[in-house]
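Here is a briefing on one protein chain.

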Amino acid sequence: MVNYRLLDPEKLEYLTVATVEELGNGQRKLLDIDGDPIVVFNIAGGYFAIADVCSHDNGPVGEGDLDGHAIACPRHGARFDLRTGKALSLPAVVDIPAYPVRVVGDEIQIGLPLE
Ligand code: FES
């Protein structure tokens, strides 16, 4: 499974990656979490996080243009759903990881699967 949003919460560990003030509406933040590139977005007050690696050819998908909850990889245009990591269009056919995001106080936290 790569949509970690579906994982049992007890199988996740949450890490603070930003504050609410830091990540305004429409903004994104590129992260490096133990060597794994992840990107977190604020879309109209909803927070979403995906792996920042395109399943087509490892492009920096997190830098792509947004259209609602879809993001287009800047390299060859494959689109993914930020909510699920689902590949929406060619040339990608494999989903990318999506992570749960929660807000605790003013901290934005990403849920990472426990080893
Ligand atoms: S690397 Fe993303 S579409 Fe090719």
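Two strands count as paired if DSSP finds at least two bridges between them. Strands themselves are DSSP runs (E, at least two residues), and helices are runs of H or I with at least four residues; both are numbered from the N terminus. On those terms, 3 strands form an open antiparallel sheet in the order β1-β10-β9. This is a predicted model: local features need pLDDT of at least 70, side-chain atom pairs count only at pLDDT 80 or more, and totals for chains, interfaces and linings use all residues. Residues are numbered from 1 along each chain as its sequence is written.

**Overall make-up**

- The protein chain has 10 strands and 0 helices.
- Its pattern along the sequence is β-β-β-β-β-β-β-β-β-β.
- The C-alpha trace spans about 40 × 30 × 25 Å along its principal axes.
- The radius of gyration, taken over C-alpha atoms, is 13 Å. A compact globule of 115 residues would have a value near 13 Å, so the two agree. The globule rule is 2.2 Å times the number of residues to the power 0.38.
- Of the 115 residues, 33% count as buried. Buried means that 20 or more other C-beta atoms lie within 10 Å of the residue's own; exposed means 12 or fewer, and partly exposed lies in between, with C-beta atoms placed from the backbone.
- Residues 24 or more positions apart account for 45% of the contacts with a separation of 6 or more. A contact needs C-beta atoms, placed from the backbone, within 7 Å.

- β9 and β10 run antiparallel and are joined by 4 bridges.
- Val-103 has Ile-108 in β10 as its bridge partner. Arg-102 stands opposite Gln-109 in β10.
- β9 and β10 form a hairpin with 2 residues between them. Gly-105 in the turn has a positive phi of about 65 degrees.

**The sheet β2-β3-β4-β8**

- In this open sheet, 4 strands pair in the antiparallel sense, in the order β2-β3-β4-β8.
- β2 (28-33) and β8 are the edge strands, each with a single partner, so one side of each is left without a neighbour in the sheet.
- β4 pairs with β8 over 2 bridges. Ala-49 has Tyr-99 in β8 as its bridge partner.

**The nonpolar core**

- A nonpolar core is a set of buried Ala, Val, Leu, Ile, Met, Phe, Trp, Tyr and Cys residues joined through C-beta atoms within 7 Å.
- The largest one has 27 residues. Val-40, Ala-49, Ile-50, Phe-80, Val-101 and Ile-110 touch the most other members.
- The elements giving two or more residues to this core are β1 (12-19), β3 (36-43), β4 (46-51), β8 (98-99) and β10 (107-113).
- β4 gives the most, with 5 residues.
- Ile-50 touches Val-39, Gly-62, Phe-80, Leu-82, Gly-85, Ile-96, Pro-97 and Ala-98, leaving aside residues up to four places away in sequence.

**Loops and backbone details**

- His-69 lies in the loop between β5 (65-67) and β6 (70-72). His-69 counts as partly exposed because it has 16 C-beta neighbours inside 10 Å.
- His-69 touches Ile-43, Asp-81, Leu-82 and Arg-83, not counting residues up to four places away in sequence. Ile-43 is 26 residues from His-69 in sequence, yet their C-alpha atoms are 7.6 Å apart.
- The peptide bond from Leu-90 to Pro-91 is cis, with omega near 10 degrees. Pro-91 lies in the loop between β7 (79-81) and β8.
- Ala-44 is in the loop between β3 and β4. Its phi is positive, about 50 degrees, although Ala-44 is not a glycine. Ala-44 is exposed, with 8 other C-beta atoms within 10 Å.
- Asn-58, in the loop between β4 and β5, also has a positive phi, near 65 degrees. Asn-58 is exposed, with 12 other C-beta atoms within 10 Å.

Note on methods:
Contact = placed C-beta atoms within 7 Å.
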